[in-house]
Amino acid sequence: MYGSQGTPVPFGTRASALVLGAALLLVGCSSGGGDGRKPDAGAKISQQPGGSDPIWVNPDTNAARQVAAYAKAGKTADAEQIRKIAEQPTGEWIGPENPEAEAQGFTEAADKAGRTALLVLYNIPHRDCGQYSQGGAGDGDSYRAWIDAVAQGIADRSATVILEPDALLHLVDGCTPAQFQDERYDLLNYAIAKLKSLQHTKVYLDAGNAGWGHPDEIYQPLQRAGIAKADGFAVNVSNFYSTEDSIAYGKQLSAKAGNKHFVIDTSRNGNGPYTAGDEDENWCNPPGRSLGETPTTKTADPLVDAYLWVKRPGESDGECKGGPKAGQWWASYALALAKSSK
């Protein structure tokens with residue numbers, strides 16, 4: 001059910017040199033730096049305390065650059081609003097072209113900061129059923145090679161991986177054609193096994209959200225995809241269901257899937273889901289939403305390993321409701337998310 005799941009979007013293409021240079025930005029540089037100019041002191045991005053939030057804050061995200069731009073323009077109030085996004089760790093969506101370099105760059109930068117990198121892998125063949133984030137690897141062999149490259153880039157450094165948003169649900173709802181379904185299960189099993197062969201990598205396979213359907217519909221596919229070998233599953237990726245509802249959904253699913261732990265994407269769920277307009281696209285750039293609980297490993301339930309910002313707040317869900325292409329930064333939407341948050 002494409003509309004109720006929503007579609008996560010890739011981080012976007014970034015030059016390997018910039019990715020690998022991210023570690024240098026940790027040494028007191030501005031998010032808007034990188035050209036040799038003295039950074040704006042008001043734009044510096046800090047890490048969160050490692051005790052409650054071990055995930056790395058990338059100081060060179062779109063949000064961080066927006067903080068720098070607003071600060072330079074004298075828009076101090078807007079800069080501080082966007083800082084609510086820029087100073088929280090968000091998922092790094094690994095692109096299709098340079099997976100090893102990107103995974104290496106992000107994990108090296110996180111390691112230098114004494115943190116863990118949060119990586120999102122979203123490249124399964126026949127991705128997103130031809131919708132806003134269509135694409136993915138050309139075939140199974142290409143996907144396995146891509147996973148191998150990501151694993152090579154992570155190496156023995158610490159990483160938390162959110163694996164293939166939507167991939168499992170599109171098997172269950174019939175969106176993925178029947179001739180590709182067996183292969184997809186094989187590829188998810190391969191990815192989990194490969195990533196879990198790494199010494200310090202945790203893997204959570206996407207498992208839908210509180211508005212998608214009943215756990216009875218997905219727990220067997222989750223098992224077939226290899227959840228037993230993973231650390232757990234992820235819920236509410238790129239969606240807006242409340243943390244309370246997400247915990248309830250996750251606990252129901254966990255009880256049917258070997259009591260596996262799970263993580264929740266709380267990036268934009270502060271006001272819950274959007275219920276007006278076209279029901280099939282309530283997930284896509286809905287107005288009036290808010291940032292949710294900040295990322296932390298100190299959660300309200302022992303089965304919930306973390307609240308994470310898997311979706312990067314302020315980056316578009318797709319060309320709907322006036323938004324730019326999927327994954328592109330949308331400053332006005334980001335500002336609205338921040339202003340409506342606590």
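This report describes a helix, a strand and a cysteine in a predicted model.

## Basis of the model

Residues are numbered from 1 along each chain as its sequence is written, and side-chain values use heavy atoms, with hydrogens and water left out. Because the model is predicted, local features need pLDDT of at least 70 and side-chain atom pairs count only at pLDDT 80 or more, while totals for chains, interfaces and linings use all residues.

## Helix H9

Helix H9 covers residues 181-196, where helices (H or I, at least four residues) and strands (E, at least two) are DSSP runs numbered from the N terminus. Its buried residues (buried means under 20% relative accessible area, with a 1.4 Å probe and protein chains only) are Arg184, Tyr185, Leu187, Leu188, Ala191, Ile192 and Leu195. Seen down the axis of H9, these residues fall within an arc of 165 degrees, taken from the directions from the helix axis to the C-beta atoms, so they line one face of the helix.

## Strand S3

Strand S3 (159-163) is among the elements that cover the buried residues of H9. In S3 itself, 5 of the 5 residues are buried, so the strand is largely enclosed by the rest of the structure; Ala159, Val161 and Leu163 lie on one side, and Thr160 and Ile162 on the other.

S3 runs parallel to S2, joined by 5 bridges, and pairs with S4 in the parallel sense, also over 5 bridges, where pairing requires that DSSP finds at least two bridges between two strands. Ala117 stands opposite Ala159 in S3, and Leu163 stands opposite Leu205 in S4.

## Cys284

Cys284 is in the loop between strand S6 (261-265) and strand S7 (304-308), and this residue is buried, with a relative accessible area of 0%.

Key: Buried < 20%, exposed > 50% of the residue type's maximum accessible area, 1.4 Å probe, protein only. Expected span 1.5 Å × (residues − 1). Contact = heavy atoms within 4.5 Å.
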